[in-house]
Amino acid sequence: SDLPSPFAYLLTIHLKEGRNLVIRDRCGTSDPYVKFKLNGKTLYKSKVVYKNLNPVWDETVVLPVQTLDQKLWIKVYDRDLTSSDFMGSAFVALTELELNRTTEQTLKLEDPNSLEDDMGVIVLNLSLAVKQGDFKRNNKIWQSFYCEKNSIALSFNVSSSLPPNKGLFNHPLSNKILPVSKRFMRSTRLSDSLRKNQLWNGLVTITLLEGKNIPGRGLAEIFILLKLGDQRYKSKTLCKSANPQWREQFDFHYFSDRKDMLDIEVWRKDNKKHEELLGTCQVDIAALPTKQTNCLELPLEKHPGSLLMLITVAPCTGVSISDLCVCPLGDPSERQQISQRYCIKNSFRDIKDIGFLQVKVLKAVDLLAADFAGKSDPFCVLELGNDSLQTHTVYKNLNPEWNKVFTFPIKDIHDVLEVTVFDEDGDKPPDFLGKVAIPLLSVKTGKQSCYTLKNKDLERASKGVIYLELDVLFNPVKASIRTFKPREKRFTEENRKFSKKILSRNVDRVKKITMAIWNTIQFLRSCFLWESTVKSMTAFVVFVVTVWSVELYMVPLALLVLFAYNFSLITTGKVNNTQDAQASKVELMGLDEDEDEDDKESEKKGLIDRIHMVQEIIIAVQTILEEIASFGERIKNTFNWTVPFLSVLACLVLAAATVVLYFIPLRYIVLIWGINKFTKKLRNPYAIDNNELLDFLSRVPSDVQ
C-alpha cells in the first residue's frame with residue numbers, strides 16, 4: 001500500500017460459475033449476472049445468463065487497485081423486466097490474497113434481509129500482482145490493445161528497446177506471451193458482413209386473428225408471443241375463452257438468407273401472475289409464396305387447439321448504407337425519381353409507402369471517455385420505429401468521424417428518429433454515451449445540424465455533440481391517411497419501472513386537468529348564482545341565442561374558430577406553444593436514478609412475492625394516471641398547434657364535417673354509420689377494428705413527450 005504509483009496493483013478476476021443460486025422469477029428460475037465493486041463503485045458487470053440457477057460465465061477482467069486495505073464485493077442480481085432483484089453478495093479482503101499466486105475462491109452468497117438460508121455460491125479465481133517496472137523511463141511507445149479472448153481492454157507501455165519477437169508483449173500478470181490485437185488498426189470502412197447483417201430485404205406482415213379451442217382452466221388471461229430471429233412481439237392479453245379474438249397486426253423484418261422460422265407461443269397467466277405455456281407452433285416463412293396473403297390455421301404442437309392468422313411476405317426497398325460519395329439523394333436523377341414517387345399525383349399508389357428518410361451521420365465531438373485509458377470506441381445506432389441500423393466502430397477516439405449515409409422507408413411520418421452513441425465493449429453490452437431524438441416533422445431537410453447528446457431518458461444534456469444531415473421526402477396525403485390508422489406496434493420491450501417521482505409527476509398532471517374542469521364548473525355555477533350581474537347576464541344572453549339558433553354543423557365550426565383563435569395568438573407572439581414542453585422539461589430534471597441507489601433498494605427487498613404484487617398495483621396506477629394525463633394534454637396540444645401538420649389535418653376534417661352536417665340530415669349520417677358498422681364483418685371477415693379519433697390523438701405528443 002506504500003507503492004508510489006496511483007494504481008500499484010493489478011487484480012485479475014476469472015469469474016467461473018454459480019451454483020444453486022436462488023429463484024427470483026415466477027417460472028422457477030433466474031437470469032443472473034454479477035457486479036464487482038470497490039469503494040462502492042461498480043468496476044465490472046458480467047453478461048446475463050438466462051434461465052439458469054447454475055450459470056457458467058467464464059469471464060476474465062483485470063482491475064487496477066490502489067491500496068489493499070479494501071474489500072472486493074461480489075454482488076449477484078437477477079435481470080428482470082421491471083427491476084434487478086438481489087440474489088446475494090459476498091466479499092474478499094484484498095489483504096488476504098497472496099501476490100503472484102492464483103487462488104480459487106468459493107464464496108457463499110448472503111443477504112441479511114432475506115429469509116432464504118442457502119442462496120448458493122459463486123466460484124472464481126483471483127490473482128494479485130504488483131504493477132511491474134517504472135513506466136516513465138526511456139522513450140516509450142504507448143499502444144492500446146485488446147485481449148481478444150475475453151474482450152478486456154488493457155493498456156501497456158512498450159519500451160523502445162523491445163526484444164525482436166514481433167508483435168508480442170509480456171503479460172505483467174503471468175509469463176504468458178499474448179499476441180498484439182490488430183483491432184485498433186482496422187479500417188474505418190463498414191465491413192460487408194456488418195452491412196449485410198443489417199439490411200433486410202422483405203417485410204413479413206402477420207395478422208393474428210383468433211384462437212380455436214385453446215386449452216386452459218379457471219379465470220386466466222391468454223396472450224401470444226411471436227418470434228422471428230431476434231425480433232419479438234407480444235399480443236394484447238385477453239380474458240380466457242376457448243376462442244379468443246385478438247385482431248392485431250405485426251410487422252417483422254425478413255432476411256431471405258437467414259431462413260428463420262416464425263415461432264409462436266400461447267401463454268396463460270392466472271390471477272397470481274404465474275405464467276404457463278399452453279402450446280407452440282412454427283411457420284417456415286421461406287416456404288410461403290410472396291406478394292400474397294396466406295390464410296393459415298396452425299394447430300398447436302402436443303396440445304389441442306389452433307391459431308388462425310394471415311401472413312404476407314412482401315419485398316422491401318429503401319433500406320441502405322453507403323459512403324458519403326455515393327449517397328442516394330446526392331445523384332440529381334435519383335433524387336428526382338424518389339421525389340416523383342411521393343408527389344401528389346401518386347397519392348393512392350402503394351398506400352403504405354409514405355416517404356423516404358436519408359440520414360448522413362458525419363461525426364461526433366467531445367464524447368465521454370468510457371475506457372480506463374481515457375478513450376472510447378464509439379459507434380452509432382439509428383432507430384426509426386422498429387427499424388434499426390448502425391455505423392462501424394471508430395476505435396480509441398473521442399472525436400470520431402463516421403461519414404456514412406443511411407436510408408429508411410418511412411411508415412409513419414409521426415415517427416421519431418433516435419440516434420444513440422455507444423462505446424463498444426467486446427462481447428459485453430456496449431456502454432451508453434449519449435442519445436438524441438428527432439421527430440421527422442421537425443427535420444430541416446438538407447441542412448447539416450449539430451445536436452447535443454442527452455441521457456437515456458432525454459431528460460438532461462450529456463457530454464458531446466453529434467453532427468447529422470437529414471432529408472425527408474413524403475407524400476402528405478398518404479401520411480394523413482396513415483394518421484387515422486393504428487400505430488405500428490413496437491418489438492417487445494422491458495416493462496416500466498416504478499418511480500416515485502414519475503408517479504408524483506403524473507398525479508400533478510392529472511390534477512392540472514382536473515382543476516381546469518373544476519374551474520369551468522365553478523364558472524358556470526357562479527353564473528347561475530348571479531355572483532356577478534354582468535357576467536351572469538352575458539352568459540344568459542349567450543345561452544338563449546345559442547340554443548335558439550344553433551345547428552349541428554355549428555359544433556365543428558366552433559372548434560374551427562377555436563383553432564383559428566389559438567393560431568392568431570401564436571402568430572402574434574402572445575402565446576408560445578412550447579411553454580408546456582419547457583415546463584415539463586424543468587419538471588423532468590432530477591428523475592435519473594443512480595445505478596448504485598437501485599442496487600441498495602433491491603438489496604433491501606424481502607418477501608419477494610408480496611413486494612411484486614404491490615409493485616404491480618403501483619405501476620398499474622402510475623400507468624393509468626399517465627394515460628389520463630396524456631389524453632387531456634394531447635387534446636390541448638391539438639388545439640395549441642404544437643404539431644402544425646396535425647392541427648391542419650384536424651382543421652380539414654372539421655371543415656369537411658361542417659359541410660357534411662350542413663347539407664346532409666343527421667338521420668342519414670347515423671344510418672350510414674350504423675350500416676357500415678353492422679356490415680363491416682360481413683364485407684371483410686378479417687378486418688381489424690380501430691378508433692380513428694384515438695389513433696389520431698396517439699400521434700399528438702403529450703407535454704412530457
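## Two loop aspartates with positive phi

Asp 350 lies in the loop between α2 (332-341) and β23 (355-365); helices (H or I, at least four residues) and strands (E, at least two) are DSSP runs, numbered from the N terminus. The phi of Asp 350 is near 50°, a positive value in a residue other than glycine. Further along, Asp 366 is found in the loop between β23 and β24 (378-384). Asp 366 also has a positive phi, of about 60°, although it is not a glycine. For context, most residues other than glycine have a negative phi.

How exposed is Asp 366? With a relative accessibility of 40%, Asp 366 counts as partly exposed, where buried means under 20% relative accessible area, exposed over 50%, and partly exposed in between (1.4 Å probe, protein chains only).

## What kind of model this is

This is a predicted model, in which local features need pLDDT of at least 70 and side-chain atom pairs count only at pLDDT 80 or more, while totals for chains, interfaces and linings use all residues. Residues are numbered from 1 along each chain as its sequence is written, and side-chain values use heavy atoms, with hydrogens and water left out.

## The chain as a whole

The protein chain has 12 helices and 30 strands. Of its 705 residues, 42% are buried. Among the contacts in the protein chain with a separation of 6 or more, 67% are between residues 24 or more positions apart; a contact means heavy atoms within 4.5 Å.

## The sheet around β21

One place to start a tour of the strands is an open sheet of 4 strands, with the order β17-β13-β21-β20 and antiparallel pairing. Two strands pair if DSSP finds at least two bridges between them. The edge strands, each pairing on one side only, are β17 (245-254) and β20 (293-299). From one strand to the next the twist averages 25°, with axes taken as lines fitted to C-alpha atoms (for helices over the stretch in contact) and angles running from 0 to 180 degrees between N-to-C directions.

Strand β13 (residues 202-212) pairs with strand β21 (residues 306-315) in the antiparallel sense over 10 bridges. Across from β21, Leu 208 stands opposite Met 309, and Leu 203 stands opposite Ala 314. β20 also pairs with β21 in the antiparallel sense, over 7 bridges, and Thr 293 has Thr 312 in β21 as its bridge partner. β20 and β21 form a hairpin with 6 residues between them, and Lys 302 in the turn has a positive phi of about 65°. Why is β21 described as largely enclosed by the rest of the structure? Because 7 of the 10 residues of β21 are buried.

## A second open sheet

Another open sheet of 4 strands has the order β4-β1-β8-β7, again with antiparallel pairing. Here the edge strands are β4 (56-65) and β7 (102-108), each of which pairs on one side only. The twist averages 25° from one strand to the next. Strand β1 (residues 9-19) and β4 pair in the antiparallel sense over 8 bridges, and Leu 15 stands opposite Glu 59 in β4.

## Strand β18 and its partners

Strand β18 (residues 261-270) is largely enclosed by the rest of the structure, because 8 of its 10 residues are buried. Strand β14 (residues 220-228) is joined to β18 by 9 bridges, and the two run antiparallel. Ala 220 has Asp 270 in β18 as its bridge partner. β18 also pairs with strand β19 (residues 275-284) in the antiparallel sense over 9 bridges, and the bridge partner of Asp 263 in β19 is Gln 282.

## Rings and charges

The structure holds 16 aromatic pairs. Rings of Phe, Tyr and Trp (its six-membered ring) pair if their centres lie within 6.5 Å; planes under 30 degrees apart count as stacked, over 60 as edge-to-face and the rest as tilted. Ring pairs link Tyr 233, Phe 250, Phe 252 and Phe 491 into a cluster.

Which ring lies under the charged end of Lys 234? That ring belongs to Phe 223, with the charged end 4.4 Å from its centre. The charged end of Lys 363 sits over the ring of Tyr 467, 4.9 Å from its centre. A charge sits over a ring if NZ of Lys or CZ of Arg is within 6 Å of the ring centre and within 35 degrees of the ring normal.

## Annotated transmembrane regions

In an unreviewed UniProt entry, the annotation "transmembrane region" covers residues 537-565 and 643-664; UniProt positions are given in the numbering used here, feature names are shortened, and annotations may be inferred rather than shown by experiment. In the model, residues 537-565 are 86% helix and 0% strand, with end C-alpha atoms 24 Å apart. Residues 643-664 are 91% helix and 0% strand, and their end C-alpha atoms lie 32 Å apart.
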